[in-house]
Amino acid sequence: MTITLAISNQKGGVAKTTSCFAIAACLAEKGYRTLAVDLDPQAHLTMAAGYDPDNLEKTVVDLLLGEDEQPEWGKVIQKTTLENLHLLPGDLRLAHIERQFGERENYEFLLRQTLSPITSSFQPSESTYPNLISAYDYILLDCPPSLGTLTILALTAANWAVVPVQAEYFASRGLLRLLDVVEKVQEHTNPALDYVIFVAMYDSRNRISQRVFKEIQQHFEEKILPTPIRLDTRLRESPIAGEPIILYAPRTRASQEYRTLTDELLDQIQSKESSQ
């Protein structure tokens, strides 16, 4: 079964894309066949993986527009520096989709339908799809910093919303708005959607950060992953190198924290599966 994770927060600057790429890389490092999908018009995930979105022949936009009856997945999905990690890139045209698709009936299901051919039943041949691997175990959706159409598409397609949040007062308040949207998606388009939270860009020396982190832990209890991702300059450097943090600086504190966080996320997912 393919598990889809929507990495989402409407607030920018919370390490959403960095976390998406890092968690995807940690999953790939464990041997899981992983696809990272860039749904942000800024295409930062695409650039972090070492690609120029303006020079790609096709991106996720072409798939969502559905102009090809039989999409050429091998031309859209790109390899990364990790063997088990692939990228479905995005580009600026996603901003137009954000405006156009909101007026379509049942637009919420478009991404789920678009990705369905490459989930659990997908078995590409090497000659036809040289860039692809069979049946992705995990698909990670890097959402835009908004609660608009693209985020709704992602949440409707996902099994889990994975929400990075800063240990700051206004950031934690904004978290409640996103969870309201998650609840509405559960009611209308994706009743199976679940969510987890983790703290990113954590300043362990700051008393306010410590206090807010404890309050978030107390309020959300089992919904928050225990390990916070602390501030680390290497996290800012790795996108320039076109590599996830665990390749760019594998022995750093940030790499270890993301590995631990990924283990905690897998525990949440497996715990839910075993209880069903």
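Y138 is buried, with a relative accessible area of 6%, where buried means under 20%, exposed over 50% and partly exposed in between, using a 1.4 Å probe and protein chains only. This is a predicted model, in which local features need pLDDT of at least 70 and side-chain atom pairs count only at pLDDT 80 or more, while totals for chains, interfaces and linings use all residues. Residues are numbered from 1 along each chain as its sequence is written, and side-chain values use heavy atoms, with hydrogens and water left out.

Y138 sits in strand β5 (residues 138-142); helices (H or I, at least four residues) and strands (E, at least two) are DSSP runs, numbered from the N terminus. Setting aside neighbours within four places in sequence, Y138 is in contact with I3, L5, L27, Y32, R33, T34, L35, L266 and I269, contact being heavy atoms within 4.5 Å. Its C-alpha atom is separated by 11 Å from that of W160, 22 residues away along the chain.

W160 leads on to strand β6 (residues 160-165), where six of six residues are buried. W160, V162 and P164 point one way from β6, and A161, V163 and V165 point the other way. In a regular strand, side chains alternate between the two faces of the sheet. Strand β1 (residues 3-7) pairs with β6 in the parallel sense over three bridges, pairing being called when DSSP finds at least two bridges between two strands. Here L5 stands opposite W160. Strand β7 (residues 194-199) also runs parallel to β6, joined to it by six bridges, and V165 stands opposite V199 there.

What about the packing inside? The largest nonpolar core has 52 residues, and L88, L111, L141 and I197 have the most contacts inside it. Such a core is a set of buried Ala, Val, Leu, Ile, Met, Phe, Trp, Tyr and Cys residues joined through side-chain atoms within 4.5 Å. Helix α8 (residues 169-188) gives the most to this core, with seven residues. A second, separate core of 39 residues includes A15, F21, I23 and I269.

I23 also turns up where two helices meet: among the α1 residues that touch α12 are I23, A22 and L27, and the α12 side includes Y258, L261 and L265. Helix α1 (residues 16-29) and helix α12 (residues 253-275) pack at about 75 degrees with their axes 9 Å apart; axes are lines fitted to C-alpha atoms, for helices over the stretch in contact, and angles run from 0 to 180 degrees between N-to-C directions. The two helices are therefore roughly perpendicular, the word used for 65 to 115 degrees.

Terms used:
Parallel < 35°, antiparallel > 145°, perpendicular 65-115°, else oblique.
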